[in-house]
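Hello,

Here is the structure for you to look over. My notes follow below it.

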Amino acid sequence: MAFEWNRMYKWDENYERQMVEDVSEYICEYYNVEEIEDLTQEQINEISAFCEGFDWQIIMAPGFRYIINQWEDAQWEVSER
């Protein structure tokens, strides 16, 4: 019988969710804000600059990518009002 790991994607989802939570928590603590949406443009620029040197294969990269996208989406929603 060949090795199988049914629903492995569930593990992936759990790891990614935890990574995003960890990155978000660290960023919020670092900048002393309650929510990612509370970051300023300058702060998000600092985070983006930090990420520029990434080899996007590192384990935490998707967490940073998600956080930056979350902030950008929140800014877009505010500008649409």
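**Notes on the model**

Asn32 sits in the loop between H1 and H2. Helices here are DSSP runs (H or I, at least four residues), strands are likewise DSSP runs (E, at least two), and both are numbered from the N terminus. Asn32 is not a glycine, yet has a positive phi of about 55 degrees. Its relative accessible area is 70%, so Asn32 is exposed. On that scale, buried means under 20% relative accessible area, exposed means over 50%, and partly exposed lies in between (1.4 Å probe, protein chains only).

Before going on, the ground rules. This is a predicted model, where local features need pLDDT of at least 70, side-chain atom pairs count only at pLDDT 80 or more, and totals for chains, interfaces and linings use all residues. Residues are numbered from 1 along each chain as its sequence is written, and side-chain values use heavy atoms, with hydrogens and water left out.

Arg7 also has a positive phi. The value is near 60 degrees, in a residue other than glycine. Arg7 lies in the segment before H1. Arg7 counts as exposed, at 53% relative accessibility.

**Whole chain**

The chain has 3 helices and 0 strands. Along the sequence the pattern is α-α-α. The radius of gyration is 16 Å, well over the 12 Å that the globule rule gives for 81 residues, so the chain is more spread out than a compact globule. For that comparison, the radius is taken over C-alpha atoms, and the rule is 2.2 Å times the number of residues to the power 0.38. The C-alpha trace spans about 55 × 30 × 20 Å along its principal axes. Of the 81 residues, 27% count as buried. Take the contacts (heavy atoms within 4.5 Å) between residues at least 6 apart in sequence: 54% of them join residues at least 24 apart.

**H2 against H3**

How do H2 and H3 pack, in angle and axis distance? Helix H2 (residues 41–52) and helix H3 (residues 61–80) pack at about 155 degrees, with axes 11 Å apart. The axes are lines fitted to C-alpha atoms over the stretch in contact, and angles run from 0 to 180 degrees between N-to-C directions. H2 and H3 are therefore roughly antiparallel. The bands are under 35 degrees for roughly parallel, over 145 for roughly antiparallel, 65 to 115 for roughly perpendicular, and oblique for the rest.

H2 passes H3 in a left-handed crossing. That is, the near helix is turned anticlockwise from the far one by less than a right angle; clockwise would be right-handed. H2 contributes Gln41, Ile44, Ile47, Ser48, Phe50 and Cys51 to the contact, and H3 contributes Phe64, Ile68 and Trp71. These residues divide into 7 nonpolar, 2 polar and no charged. Nonpolar covers Ala, Val, Leu, Ile, Met, Phe, Trp, Tyr, Cys and Pro; charged covers Asp, Glu, Lys and Arg; the others, Gly among them, are polar.

**Two buried residues**

Phe54 is in the loop between H2 and H3. Phe54 counts as buried, at 16% relative accessibility. Phe54 touches Ala61 and Phe64, not counting residues up to four places away in sequence. Ser79 is 25 residues from Phe54 along the chain, and their C-alpha atoms are separated by 30 Å.

Ser24 lies in helix H1 (residues 8–31). Ser24 is buried too, with a relative accessible area of 18%. Leaving aside neighbours within four places in sequence, Ser24 is in contact with Ile36 and Ile67.

Best wishes
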